[in-house]
Amino acid sequence: MPGLRLLELVAPVLGARCVLLVAEDGSCVAVDVGAGVADRVARVVADRGWTPQAVLATHGHVDHTWGAGELSRTWDVPVVLHAADAYRLDDPFGTLGVLGHAAHAADGPLAGALRAAGVDPADYRRPERVETFGTAGGVRSPVTAPATAPDLALATAPDLALAFGGVHLVARHAPGHTQGSTLLLLDALVGQGDRVNDGVGGDRSPTTVPVALTGDVLFAGSVGRTDLPGGDGATMARTLREVVATLDPATLVVPGHGPTSTVAAELATNPYLTPPR
Ligand SMILES: [Zn+2]
């Protein structure tokens, strides 16, 4: 896959990492547009003259999708995520269980975090254009009404190659944190000495490295929780064993929260991962 430039912007609510992926032809997609970050993303893309193609989400939790609707309207592009998490876009608080309380509950911890960052919890608007993948045949398809919560008996879907203009990546189903959690795999141009470049580092003899945007599946030294609605410990264990631990060890891990890492480092040190035999 052609190497993409990566630009990180961290959302003020729950520190969710938004990543812009930019192809050589200037086409770009934003991944995980959390709360309070959409304006900044739009400004960066306009300033650089890039051409937005889509808003992606690693999963449907609202700290990764709050601003997706706003940005998709600004850009007139679809929000794209795994079909099994699409229902969460309808009621982001309601699908978070104890974290969310009832829809838009003023006393929920999430509402508190939003308010602390100057975001009104009542301002959530569902994206109008949603496309899902991971359904039968593994193709992207527009949905008008999201699915209801899928049951937990999950078969991991086959890889899906996604292309948005010049932005090419692979979606690999990694359920357990949520039903539709997905690793987004790509090749990135990383400047010499950089972990993840700043999106303008093309003149520093960049090399191409495999990157996994791991959402809330894998963090540096930890993994995502499985106790929220739609999470499942046994499914997560299988995902870690069969999907995460089998990634190329050279892969740069760019999680939804916290520091970056590599698969090799996580296999060596992360207590939740066992190297494949
Ligand atoms: Zn999450």
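Reader: Where is D32 found in this model, and what makes D32 count as buried?

Author: In this predicted model, D32 is found in the loop between β3 (27-31) and α1 (38-48). A residue is called buried if 20 or more other C-beta atoms lie within 10 Å of its own, and D32 has 30 other C-beta atoms within 10 Å, so D32 is buried. The phi of D32 is near 60°, a positive value in a residue other than glycine.

Reader: Why does D76 count as exposed, and what is its phi?

Author: The cut-off for an exposed residue is 12 or fewer C-beta atoms within 10 Å, and because D76 has 9 C-beta neighbours inside 10 Å, D76 counts as exposed. The place of D76 is in the loop between α3 (68-75) and β5 (79-82), and the phi of D76 is near 55°, which is a positive value in a residue other than glycine.

Reader: How do you know that β10 and β11 pair, and how do they run?

Author: Two strands pair if there are at least two bridges between them, and 7 bridges join β10 (residues 182-190) to β11 (residues 207-215), so the two strands meet that cut-off, running antiparallel. Within this pair, L185 stands opposite A212 in β11.

Reader: What is the order of the strands in the open sheet, and why are β8 and β15 said to stand at the edges?

Author: The open sheet is formed by 6 strands in the order β8-β9-β10-β11-β14-β15, with mixed pairing. β8 (160-164) and β15 (261-262) stand at the edges because each has a single partner strand, so one side of each is left without a neighbour in the sheet.

Notes. Residues are numbered from 1 along each chain as its sequence is written. This is a predicted model: local features need pLDDT of at least 70, side-chain atom pairs count only at pLDDT 80 or more; totals for chains, interfaces and linings use all residues. Helices (H or I, at least four residues) and strands (E, at least two) are DSSP runs, numbered from the N terminus.
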